[in-house]
Amino acid sequence: MRNWFNRKNLVMLLGIVLIYAVVQGLIMTDIMPPFYKLTLILMCIYIILSTSLNLINGITGQFSIGHAGFMAVGAYVSAIITAIMHGPLILGILAGAIVAALVGLLVGLPTLRLKGDYLAIATLGFGEIVRIVFLNMELVGGASGFTLPSRITWTWAFVLMVLSVLLMKNFVGSTHGRACISIRENEIAAESMGINTTKYKVMAFTMGAFFAGVAGGIYANYMYIIQPMTFSFLKSIDILVMVVLGGLGSITGGIAGAIVMTLVSALLAGVPEWRMVIIAVLLIGMMIFRPTGLFGTKEFSLNFLGKKGDK
Amino acid sequence: MESIIQQIFQQIINGLSLGSIYALIALGYTMVYGIIKLINFAHGEIMMVGAYAGWFATSVLHLPFLPALLFAMIVAAILGVVIERIAYKPLRNATRIAALITAIGVSLFLQYGGMLVVSAQVRTYPPVFPETMYSVYGVIFKYGDIVMLLTSIILMGLLHFTVQYTKMGKAMRAVSFDKDAALLMGINTNNIISFTFAIGSALAAAAGVLMGVYFNTIDPLMGLVPGLKAFVAAVLGGIGIIPGAMVGGLMLGLIESIVSGLGASTWRDAVAFLILILVLIIKPSGLFGKNVREKV
C-alpha cells in the first residue's frame with residue numbers, strides 16, 4: 001500500500017495551497033492590479049495548454065501544430081452552452097472539453113498514421129479548417145467575434161489548472177503513459193514489444209485535445225470576447241514555443257516554459273512585433289544550441305524530500 | 001447558357017493566373033524538400049520580401065517591370081542563401097522536427113522583423129501594366145493576367161532546363177537522390193544546397209512581385225497564407241517532384257476560383273486545407289509520386 005501522505009506530496013500540496021491563498025488574498029483585498037490578475041489567469045490557461053501539447057508532442061513524440069484548433073472548439077462550445085443556453089459554467093467547460101476530445105479522436109484516427117512533418121502539416125491544416133468553420137458560423141458571430149460574460153475567477157482557473165496537470169502527470173506515470181513514451185523512443189521497437197501504437201497515439205492525442213478544450217473553455221469564459229482570429233496558427237505556435245522552450249517530454253519543463261513565456265508576453269505587451277521577433281529568435285537559437293529544451297526530458301521533482309523513510 | 005460558359009471560362013482564366021503564382025512558390029518548396037527533406041516554412045516570407053524588393057524597385061527606383069522582377073529575384077536569392085547558411089546548415093544532421101521548428105522560427109522572424117523594418121501598414125503597388133483588357137467571346141483577359149502566365153511559364157521552362165540539362169541541375173538531382181553518394185562522387189553538396197535555395201527563393205520572389213501586381217497591395221504578413229497554400233500545391237503534386245509542383249499549383253488555383261465562383265469564397269481556404277488533409281491521408285506521395293515502401 002502506497003503512502004499518499006508522504007513528505008513529498010504534503011510539501012507539494014502545501015505549496016499549491018499557499019500559491020492559491022496568497023494570490024486569492026491579494027485579489028480579495030484589491031491589492032492586485034487587474035493586469036496582474038489577467039496575467040496569472042492566462043498563465044493557468046497556458047500551463048494547461050502546454051502540458052496537453054506536451055502529452056502529444058513531447059511524451060508520445062507525435063508532432064502536432066494545430067493545438068489552437070482544439071482550444072477553439074472548447075472555447076466556442078463552452079461559450080454556446082454558457083452564454084446562449086445559459087448553462088452552468090462547469091457544464092460548459094466540460095462539454096467544450098468533451099467535444100474537443102471527440103474532434104481530436106476524429107482527426108487523430110486518420111492523421112496519426114502520418115509521420116513527422118506530414119503529421120505536422122495535417123494538424124496545421126486541421127487547425128485552420130476549425131478556424132474557418134467558426135468564421136463562417138453566424139450563431140457565434142462570425143469574424144467579429146462572440147461576447148459573453150466573464151465568469152471565471154482565479155479560484156476556477158487555478159483549481160482547473162491543478163486538476164488538469166495532476167491528471168496528465170498521473171497519465172504519464174501510468175502504464176499507458178509509459179507505452180506512449182516507448183512510442184516516442186522507438187516506434188518500431190514498441191510495436192514489436194506488443195504495444196498497440198495506434199491506440200496509444202490516438203489516446204494521447206484525444207487526451208491532449210480534451211485538455212486543450214478545457215483551456216479554451218476557461219479562456220472563453222474569462223475574456224469577455226472570443227474571435228476566430230485568436231485561435232489562428234500563431235496561437236498554436238505560441239503553445240509550441242512554450243513546450244519546446246521548457247523541454248519536449250518534460251511536464252514540469254512545459255509548465256516552466258508556459259510561465260516564462262506568459263511573463264515575457266506580458267512584459268512586451270506594448271510592443272507586439274518585438275515579442276514575436278524575440279519568440280522567433282528564441283526558437284531558432286534553442287533548436288541550434290539546445291534542441292532538447294531547458295529541461296530536456298527530465299522532470300523537476302521533490303523526490304529529494306522523500307528519500308528518508310519512504311520506500 | 002452562353003453567359004454560364006463565359007463565367008466558367010472567366011473562372012478558369014482567374015484560376016490559372018492565381019495557380020501560376022502558387023506553382024512558382026510551390027516549386028521552391030518542392031525543390032528544397034527534395035534536396036534536404038525540410039519543409040521550408042519561411043518560403044512564403046521570402047516571397048513577401050521579394051514583393052517588397054519589387055515594390056522598392058518600381059516605386060522608389062522607378063524601374064520598369066522586367067528589371068524590377070530581376071532585382072527582386074536577386075535580393076530574394078541572396079536572402080535564401082543567407083537563411084540556409086545561418087539557420088538550416090547547423091541543423092543538417094538534427095531531427096527533422098528540430099529543422100521544422102527552426103523553419104517556423106525563421107518564418108516568424110521575417111514576418112515580424114519585416115513589420116519592424118517596413119511597418120505593418122499595407123502598401124500599394126504602383127500600376128506596372130496598362131489597364132488594357134482583351135475580350136475574346138466575352139471572356140476578359142487582363143494585360144496583367146497574360147504577363148503573369150507568360151512570366152510563370154518562362155520561369156518554369158528555365159527551371160526545367162536548368163534541372164535537366166545543366167551540370168548544376170545534374171548535381172542537384174544527384175544530391176536529392178542520395179546526398180552521401182553525391183558527396184563521394186566529388187559534388188560539393190553544401191554549394192548545391194545553397195544553389196537550390198537561391199533558385200527556389202528567386203522563383204518565390206517572382207511570385208511575390210506578380211502577386212503584388214495582381215492584388216495591388218502588399219503587407220508583411222502577406223506570405224503566410226499563399227505560402228501554406230503553395231505547400232498544399234506541392235503536396236498535391238507530390239512533394240519533391242518539380243512537374244508535380246507546377247500541376248499542383250495550377251490545379252489548386254483552379255479549384256479555388258471554382259469554389260469562389262460558386263459563391264463560397266469564405267470557404268476557399270478551408271477547401272485548400274481539406275484537399276491537403278485528404279491527399280495526405282489517401283496518397284501522401286501526391287499525384288505524381290511513387291509509393292516508397294518503408295523499411296525497418
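Start by selecting residues 189-215 of chain B, which is helix α8 (helices are DSSP runs of H or I, at least four residues, and strands are E runs of at least two, numbered from the N terminus). At 1.5 Å a residue, times one less than the residue count, its 27 residues should span 39 Å, and the end C-alpha atoms sit 38 Å apart, which agrees. This is a predicted model, so local features need pLDDT of at least 70 and side-chain atom pairs 80 or more, while totals for chains, interfaces and linings use all residues. Residues count from 1 along each chain as its sequence is written, with chains lettered from A and ligands numbered from 1 in the order written.

Now colour α8(B) by burial: 20 of its 27 residues are buried (20 or more other C-beta atoms, placed from the backbone, within 10 Å of the residue's own). Step just past the helix to B:Asn216, with a positive phi of about 70°.

Next, show α1 (residues 2-36) and α5 (residues 143-165) of chain B: their axes come within 9 Å and cross at roughly 35° (axes are lines fitted to C-alpha atoms over the stretch in contact, with angles from 0 to 180 degrees between N-to-C directions). Among the residues that meet here are B:Leu16 and B:Leu24 in α1(B), and B:Met148 and B:Leu155 in α5(B) (contact puts backbone-placed C-beta atoms within 7 Å).

Finally, switch to chain A, where you can pick out 12 helices and two strands. Its C-alpha trace spans about 50 × 50 × 40 Å along the principal axes, and 49% of its 311 residues are buried.

Conventions: Contact = placed C-beta atoms within 7 Å. Buried ≥ 20, exposed ≤ 12 C-beta atoms within 10 Å, placed from the backbone.
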